[in-house]
Structure formats: C-alpha cells, structure tokens
Amino acid sequence: RPHDLRPRRRWGVACRVAKGGSRARGPFPELCWPEVMGLGGSKAKGDEEEETIGEASSNPLAQGYEDLVNAIIRPPRMEYSIKDDMGPATFSLCGKRFCREDLEIENKRGLKLVCSWWKFTPEDAPAEQLPVVIYMHGNASCRIAAFELLRHLLPVAISVFALDFAGSGLSGGEHVSLGYYEQEDVEAVIGHLRASGTVSTVGLWGHSMGAATALLYADRDPSIAGMIVDSAFSDLMVLINEFGQNIREQGLRVPGFAISAAVGMISRSVRKRAKFNPKDVSPIANGDKAFIPALFAHGKDDAFIRPSHSEQLHANYSGDKELVLFDGDHNSTRPDFLFTRAVTFLYQRLGVQESHCLDSTSPTHGSVPQFDNGLFAGGAAAVHNAEEEMMRQALMMSLNEHYDGRSGGGTASGAAAGEARPQSAGDNRPVAQPATAQGGIPMNELKQGIVQFHAVTGVGGVTAQYYVEAALADGGSVEHAIERYFDSDCGGPPPGYQPPTPEFLAL
C-alpha cells in the first residue's frame, strides 16, 4: 500500500487524500511511464479515502480568522517520505539511464531547501551541458508535484529540478509568502545549477504560488530562457478581496464594511507574523519590467484564481508571450495538448538539440520496481483542493452570519448606527453638539463601532464595548479592535472593567 501524503497542519475540515492515480499519457505514447519510474505498481483499492483532520475549534469565529490567515501564510504542509514517495534513485528510459539527485541548498535567510534533480546519469548524458527546468509548486504542495513533468521533459533531454519552497514540505521555515520570499529560493537554486557546470539554459515552470514567484523573479534574471506560468494570480490583495466578494455572490448576507475589515485584518496579521506586506506581492506590477518569453496557462473553470488574472497578466506582460485557456479548474489534470504546447515552447526557447532527444521507439528496460506517477499528482491535487475549500470556509467564518441585521438591514446605516440626522435648511434651532463617551469618543462613533464589531465577530455586550473603546481611544479603528480581539485569543475585558456607556450593552 503506498505511503499516504498527509498535510501536517491539522484543520477542522475533511480532507480527501488521494490513494491512487491513473496512467498519464504524454507526447511519447510508446513510453509506459508507470512501468518506467516505478514504486510498486499496485492499484489502490477504492482510489481515495476520506479522512477528517483535526476537530472543530471551540470558538469557530476565532478559528475561522486563524484558518484564513494560515491558509495564506501557513497552509497545510505536505508530509512525505523520500524513501517511500520519491520513486527510484535510478531508472531506465529508452535504453538510457537516469538518476535522481537529492540535495539541500541554503537560501539567503539561512533556511534549508530540500531539492531533487532528475537527469541523465553522467555516462549516458548526450552532452556535458543540458537544459534544465525548475518546477515551482503551489502554496500547499511540494516537489512531488513535479512528477508529471518528468514524462514530458526527460524525453526531450530537459532535466527537471524541483524544490520544496521554504515553509513547505520538508524544507525549513515556518511560513510561505506567496512569492515574496520564494524569489530568494529560486535565486539560490539557479546559483547552484549554474555553479554545477552541467547546465546550458534554465527555464521555469510554476503553478499558482510558484507561477506568481516566476513572474516576480522574472525581471531579476533576464538570462532565464523561458517560463510556463500556470494559474498565477495578478495581485495578492485583489485575490483576497475576491474571496470576500465570492462569499457575497453565494448569497451570504455580509455587509461591505465586514469584508473590508476582514481584508485589513488579514493584511496586518500577515505583516506581523510572516514579515512581508501582501501589497508587495503583485506580479502584474512586475509585468512591464520582465522580458523573459512566457507561456501563460489557466483553467477556464478555475473558481479559486479566476482566468481573468492570467488574461490581465498576459495583456500587461512586456516579453514574448502566449496565452492558453483550457477546460479545467485550478487543480484539475492538465490536458495533453497543454503539455505538448508547453514542451514545444520550452524546446524552442531553451535551445534543445534534436540529436540529444531520446528515441521513443527504443525498448524501455528497467530493473527497479514500477510506480504510477499519477498517484503523486493526485496526492498534491488533493491537498490543493482541501486548501481551496478551507480558505472559503475560513473567510465565511471570519465574516460570519452572526450579523443579524441590527445595524439596519445589512449595512451600518447612519440611523441604525446612531448618527445625527442632518439639519434641514429651514431649521433654525441650535445645532446639538455630538454626545461623547469617556475619553472624548463621540457616542455615535462608539455605537457604530460596537455594531460593526458584533457584525464581524458575533460578540457584543461588554466585550465589544471594551475592545472598540480601547481602539478608538488609541486613535485606531474598529478594524484594530477586531484584530486585537482575535490576537488576544478572543478573551474578555480585564477584571473590574466598567463600561462607560451601559446603554450600549444591548447592542
């Protein structure tokens, strides 16, 4: 029975972990990849197994906010075994021997990056220097996702290098950064490859976070020969805002200020914990500075990162470019025609010599046990799908249906929030000064803040008044009050706290 690929982080949702996979076909149909790469070619019974990971938090709102932030900077971490899950260290293909070199590289932050390099053995290499493609995974995946590239790239004499980004898989680091720090990891890998003396040209192939990383890195190294950009997002803040808008489109009654408050909270929490500003993760802002030939690809049915992201990226990109929209979603199996087009693109851009390519009519012999690389592609896709669902559920929890209309039928309207009614032109009565609470906070501002705090957190009464009053007294906003509430593990006010406006406790 194959080793299970399980996310390390425990989440309060069901995660479907794939156990099996299908034979994948490539541009060389004569090559039977499950029989070439081998890890016991047993077929899993039932194909998938449903597993519930973790238990629901006792405070679903706090857990919802926490899960949403974690889905961005600390998604489920793939746990796997090099011995059981990485396939054979050597194998034969078309009469040629290939090997997998496992290695570790250190990035600028001193973090360990675990990597694998699939290439010809030295005695069977057709040339001293050959092209290489670096595969860059998404934010809940690992180097195992590169397996499906082997059957497409090795036959055309392009070696495949894959890494676990810092914060992912077996590499060091606690957080991912959706491309911000991952650029440093790519730089470290490229430095190692060029120092090896066995690489002629370098290409990049990224999916989701990995695709965004490729675009962010593109202007730093113009010697990159070409890149495949699969399902990249154009701007991280735009993506986070789209998550909130998707929830409203699905019929959940959430006021607009709740979405903006949640987005602001997420941004501040990410800056505090992972030490980067989400506003700086904007691949589209880099497009006019990059000239590396790029093939953009995106699934037409991708509801996680909409195809419009790739369309905008493609339109804004300054270098030679192509755009391929295919039938599928964010994590679906990519169609053969896309791989064929991507291989053709890389073949041309990386300067592959036809004499170096394998003879696909040659018999394939290998003495190692066989394995189905589709197993691992399925395992990575299962974690991606779980992550996608968790982000949606988490945002719904952090915006929450506890909003019950007390603020005026879905918005914090002036009347509902206690704002003063404007004086008419013919009204000669003296204008009343706004009432103030303790600390000089206007009563209507405090009341509106309490209503908004309750709408987002589901908590009112003395707790809402304490956090809102403290934030406003410090010159902050209700968003700061909500963030402080979650950062304090949803604790109540300190002992002895007396609310200055008891009449607001019923809000």
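A: Start with a side-chain pair in this predicted model. The side chains of Arg143 and Ser116 are joined by a polar contact of 2.7 Å.

Q: What makes the 2.7 Å pairing of Arg143 and Ser116 a polar contact?
A: The cut-off for a pair of N or O atoms is 3.5 Å. The Arg143–Ser116 value is 2.7 Å, so it counts as a polar contact.

Q: Why is Arg143 called buried?
A: Buried means under 20% relative accessible area. Arg143 has 1% relative accessibility, so it is buried. It lies in the loop between strand S8 (130-136) and helix H4 (147-153). Beyond its neighbours within four places in sequence, Arg143 is in contact with residues including Tyr80, Asp102, Ser116, His137 and Asp164.

Q: How do you know that Cys94 is buried?
A: Its relative accessibility is 7%, and the limit is 20%, so Cys94 counts as buried. Cys94 sits in the loop between strand S5 (90-93) and strand S6 (96-106). Its phi is near 55°, a positive value in a residue other than glycine.

Q: Why does Leu178 count as buried?
A: At 8% relative accessibility, Leu178 is under the 20% cut-off, so the label holds. Leu178 is in the loop between strand S9 (159-163) and helix H5 (182-196). Leu178 also has a positive phi, about 55°, although it is not a glycine.

Q: Which residues touch the most other members of the largest nonpolar core?
A: That core has 58 residues, and Ile134, Phe161, Leu204, Met227 and Tyr317 touch the most other members. Helix H6 (residues 209-217) gives the most to this core, with 7 residues. A second, separate core of 43 residues includes Cys94, Ala145, Leu153 and Val352. As background, nonpolar side chains in soluble globular proteins tend to be buried together.

Q: Which residues of H13 and H15 meet?
A: Gly449, Gln452, Phe453, Val456 and Thr457 in H13 meet Val478, Ala481, Ile482, Tyr485 and Phe486 in H15.

Technical notes
Residues numbered from 1 in each chain as written. Predicted model: local features only at pLDDT ≥ 70, side-chain atom pairs only at ≥ 80, totals over all residues. Heavy atoms only, no water. Helix = DSSP H or I, 4+ residues; strand = E, 2+ residues; numbered from the N terminus. Buried < 20%, exposed > 50% of the residue type's maximum accessible area, 1.4 Å probe, protein only. Polar contact = N/O pair within 3.5 Å; in protein donor to acceptor, adjacent residues only side chain to side chain. Contact = heavy atoms within 4.5 Å. Core = buried A, V, L, I, M, F, W, Y, C linked by side-chain atoms within 4.5 Å.
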